[in-house]
Amino acid sequence: MTLGVRPFTHGLHELGSRCYAWIQPDGGWGWSNAGLIVDGDESLLVDTLFDLKLTRAMLAAMRDAEPVAVRNIDKLVNTHANPDHCNGNELVAGAEIIASRAAAEEMTAQSPERLAMLMDAAPGMGETGRFLIEAFGAFDFEGITQVLPTTTFEGHHRTRVGDKSIVLKQFGPCHTTGDILVYVPDDQLIFTGDILFIEGHPILWAGPVANWIAACDYMLGLPVEVVVPGHGPVTDKRGIRAVRDYLVYVRDEARIRFDAGLSVHDAAMDISLADFDSWGDAERIVVNVATLYREFGSAEEPGDPFALMARIRSERAGPR
């Protein structure tokens, strides 16, 4: 069953009331979504993309759709610190850039230069390097100037685009340390950043998982009709429920294996993902288990997450 409510096609999708989603199939590693909210001559961009070429193409399409309001974007919200949601900030550097305080702090540790150096080293990193090239080789991290948020907040923040009220609510740490939701009450619309991956495995970089589940419950309690995830097709509350169900399932299954004394690797290999066979990036299960084990009190140091995922991807692809 597909959880998309609109065709999962690349480009700008009009959502009504001068709101838009920029969608990038297949929604896997680095192929993130973004959004645009317009009212009158004012505009707010939700996230930029992983590199400058992709962000320029997105902004050009948005200017074609809204030539007056998007000539100079007034505000940019970064939903979190992962670089596929903020590496293009320099192309809207004249805007007020809003993020949670935790996200802004985390961004300083995820510089484009660091990512470019990692990819330069990838060819000599064996299985891990092959994984990195497969996941991120389509993107160009050279020549990106990191531009950090100019306005930060904790908890809640309200802003406006023309006459539209925009509600920003922080739920991180969960996916990362400072995740926020961007809610447009008048349009029954929400942009979720990576609090939602639709038809792809979410990844629990930070935790605790309870905060992520609480974010899903919050969204399910809102009168929203259109849900734009950080990755994957535009959805509705079915997509929220699917991610919540996944998080609860993985939490409970990891706890059983933690109590039984299994290692992170063995637990990740043992948890059945049959109900999520159609979802991409199943290797993320090992990061999710490692983060949950830390919550449960484990002292195990599983190591480099990309090495872990490369190993799990290889092993899960083998005979079952």
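Thr159 stands opposite Ile166 in strand S9, and Arg158 stands opposite Val167 of that strand. Strands here are DSSP runs of E with at least two residues, helices are runs of H or I with at least four residues, and both are numbered from the N terminus. The model is a predicted one, in which local features need pLDDT of at least 70 and side-chain atom pairs count only at pLDDT 80 or more, while totals for chains, interfaces and linings use all residues. Residues are numbered from 1 along each chain as its sequence is written, and side-chain values use heavy atoms, with hydrogens and water left out.

S8 and S9 (residues 164-170) pair in the antiparallel sense over six bridges, where pairing requires that DSSP finds at least two bridges between two strands. The two strands form a hairpin with two residues between them, and Gly162 in the turn has a positive phi of about 60°. On to the next strand: S9 and S10 run antiparallel and are joined by four bridges. Val167 has Tyr183 as its bridge partner in S10.

These strands belong to an open sheet of five, with the order S8-S9-S10-S11-S12 and mixed pairing. S8 (156-161) and S12 (226-228) stand at the edges with a single partner strand each, so one side of each is left without a neighbour in the sheet. From one strand to the next, the twist averages 20°. Helix H5 (residues 209-220) packs on the sheet and touches S9, S10 (180-184) and S11 (189-191), contact meaning heavy atoms within 4.5 Å. The direction of H5 makes about 5° with that of S10; axes are lines fitted to C-alpha atoms, for helices over the stretch in contact, and angles run from 0 to 180 degrees between N-to-C directions.

How much of S9 is covered? Seven of its seven residues are buried, that is, under 20% relative accessible area, against over 50% for exposed and in between for partly exposed (1.4 Å probe, protein chains only). In a regular strand the side chains alternate between the two faces of the sheet. In S9, Lys164, Ile166, Leu168 and Gln170 point one way, and Ser165, Val167 and Lys169 point the other way.

Leu52, Leu54, Thr55, Met58, Leu59 and Met62 are the buried residues of H1. Seen down the axis, they fall within an arc of 155°, so they line one face of the helix; the arc is taken from the directions from the helix axis to the C-beta atoms. Their cover includes strands S1 (11-16), S2 (19-23), S3 (34-39) and S4 (42-46). The face turned away from the buried side carries the exposed residues Lys53 and Asp64. Arg63, also placed in H1, counts as partly exposed at 34% relative accessibility. Not counting residues up to four places away in sequence, Arg63 touches Val70 and Arg71.

Finally, Thr235 is found in the loop between S12 and helix H6 (237-259) and counts as buried at 0% relative accessibility. Leaving aside neighbours within four places in sequence, Thr235 is in contact with Leu3, Val5, Ile198, Glu225, Val226 and Val227.
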